[in-house]
Amino acid sequence: MGTLVVKDGRVLRPDGSIDRADVRIDRTAGRIDAIGADLFGDDHLDASGGLVVPGLVNAHTHVAMTLLRGVADDKPLQAWLEEDIWPLEAHLTPSAVRAGTELGLVEMIRSGTTAFADMYFHMPEVVAAVEKSGLRARLGYGSITVGKDADAARQECRDGLAFAREYDGAADGRIRTAFMPHSLTTVGEQFLREFVPEARAADLPVHLHANENREEVAPIVEEHGQRPLAYAADCGLLDADDFLAHAVHLADGEIDLLAERGTGVVHCPASNMKLASGMAPVQRLLDAGVPVALGTDGAASNNDLDVFGEMRDAALVGKLAADDASAVDAQSAVEMATAGGADVLGFESGRIEAGANADLAVLDLDAPHLTPQHDLVSHLVYAARGSDVRHTVCDGQVLMADREVQTLDADAVRERAISEATALLDRAA
Ligand SMILES: [Zn+2]
C-alpha cells in the first residue's frame with residue numbers, strides 16, 4: 001500500500017490557517033503521517049492550484065431517500081411525512097435502498113463528503129454500499145414503535161440493536177453503528193426505558209430526532225409534563241456519545257442540559273427551512289459549548305446531499321436566528337462541517353494533522369465564483385459548492401480523482417437509481 005502524497009496544494013489547518021504544504025498519507029494505516037514542504041511518497045495526487053480541506057461530515061441523513069428527491073415539496077413536516085413520505089417508504093425493498101444509497105454515496109463523494117450518519121431501513125444494504133464506496137459511516141436502523149402492538153414494537157427495537165451489534169466495526173472499522181430510535185414521539189416511553197439500557201450495555205451511542213418542530217414538542221410536554229430533553233434524559237438518553245438531529249425548539253434549560261451532558265446536536269438548516277420547522281439557536285448552542293455538527297437530512301427535504309450548501313445555510317440562518325450578522329461566522333460553519341461533525345460521530349477525522357484519519361478533499365480554486373481569493377475560509381462557506389471538489393480521499397483511499405469516482409460506477413449507479421425510483425412510485429400507486 002505504501003504512501004500517498006497530496007502534492008502542491010494549500011492546506012486548511014485545524015486552527016483555520018492556510019499554508020502551502022504537501023500532505024503525506026500512510027495508506028496502510030489510513031492516517032495522515034506528515035504535513036510539510038517537498039514530501040515524497042510512493043504515489044502522488046496533484047493538488048496544485050487547489051485547497052486541501054478535511055473531508056466534510058454529513059452527520060444526519062437518510063441516504064436512500066435520494067429516490068424520493070422531488071416527489072413531494074412545499075408541505076409542512078407532518079403532512080409531508082403522513083401523506084407522501086411514509087406511504088412511499090412502506091414500498092421500499094432492499095434493492096431500492098441499495099440503489100438509492102449508492103446514488104447518495106456517489107453524490108457525497110463528488111461533493112467532498114467522507115463521513116456520514118445514516119438512519120434508515122434495510123440497513124445491511126447500506127453496509128454493503130458503504131463498504132464498496134470507501135466512505136466512513138455511523139449507521140443505524142430507524143426503530144419506530146408508534147402504531148404497532150407491543151410485540152411488534154419490541155421487535156422493532158430488537159432489530160435496531162441486533163443490526164448495531166452485528167455491524168459495528170465492519171468495513172475494516174470504517175463502519176460504526178448506533179441504536180437509532182426514530183424520535184421521542186415515534187418510539188414509546190416503555191420501549192426507550194427497556195432498550196436504551198441495552199444500547200448502553202453494548203457500548204452503542206444513541207441517535208434520534210428531537211425538538212424538530214413545535215407540533216412535535218407540544219405533545220411531549222402535554223403527556224409527560226416536562227420539556228422533551230428533560231424527558232429524554234429521564235429515559236436514559238443524552239449521554240456524551242449520543243447525538244440529536246435538529247434540536248430547533250429548545251428552552252434555555254435544554255441547552256444547558258445538552259452542554260452538561262456533552263450530547264451532540266446535528267443542525268440541518270436546509271431541511272428546517274424547507275419544512276418551515278424553525279431556526280435552531282446555533283450560536284447559543286456553540287456559546288454554551290454544545291458539540292454541533294451539520295447534516296443535510298434526507299434528499300426529500302433538502303433536496304441534495306451537498307454539505308457545502310449546509311455550511312452556507314447554517315451561516316445564513318444562524319445570523320437570522322440570532323438577529324446578529326456576526327453569529328455563526330465562516331470559521332464556525334467550517335468547524336461544524338469538519339472536526340465538529342467528526343467528533344459528534346466519534347471519528348478521528350475532520351482535521352488535516354499528523355495522526356488523524358486520512359479523510360480529505362481537494363477543491364479547485366480557479367472558478368470565477370472563487371475569484372479573487374482574499375479569504376478561502378469565507379469562500380468555503382459562502383461561495384464554494386460540491387462541484388468544485390477535484391479529489392476525495394477517505395481512510396487513505398482515493399475515492400474520486402479528477403472528478404472520476406473510483407469505487408463505484410457512477411453512470412450505472414444513476415441508471416439503477418432511476419429504475420428503482422420509477423418502480424417504487426409504480427408500486428405505491
Ligand atoms: Zn431526519
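Where is the place of Asp 297, in which loop? Asp 297 sits in the loop between strand E14 (292-294) and helix H11 (307-322); helices (H or I, at least four residues) and strands (E, at least two) are DSSP runs, numbered from the N terminus. This is a predicted model in which local features need pLDDT of at least 70 and side-chain atom pairs count only at pLDDT 80 or more, while totals for chains, interfaces and linings use all residues. Residues are numbered from 1 along each chain as its sequence is written, and side-chain values use heavy atoms, with hydrogens and water left out.

**View 1. Surroundings of Asp 297.** Asp 297 is buried, with a relative accessible area of 5% (buried means under 20%, exposed over 50%, partly exposed in between; 1.4 Å probe, protein chains only). Apart from neighbours within four places in sequence, Asp 297 is in contact with His 60, Thr 61, His 62, Glu 212, His 246, Cys 268, Ser 271 and Leu 305 (contact means heavy atoms within 4.5 Å).

**View 2. Surroundings of His 182.** His 182 lies in the loop between strand E10 (180-181) and helix H5 (189-201). His 182 is buried, at a relative accessible area of 16%. Setting aside neighbours within four places in sequence, the residues in contact with His 182 are Met 119, Ser 143, Ile 144, Val 187, Leu 208 and His 209. The side chains of His 182 and Thr 186 are joined by a polar contact of 2.8 Å (a pair of N or O atoms within 3.5 Å; within protein, one must be able to donate a hydrogen and the other to accept it, and residues adjacent in sequence count only if both atoms are side-chain atoms).

**View 3. Domain 1 against domain 2.** The domain assignment gives domain 1 (3-54 + 358-405) and domain 2 (56-345), with bounds from an automatic or database domain assignment. Their C-alpha centres lie 28 Å apart. In domain 1, 27 residues are in contact with 26 residues of domain 2. Between them the domains bury about 2000 Å², 63% of it on carbon and sulfur atoms (buried area is the accessible area, 1.4 Å probe, that two parts lose on being put together, summed over both). On the domain 1 side, Val 381, Tyr 382 and Leu 399 lose the most area to domain 2, together 28% of what that side buries.
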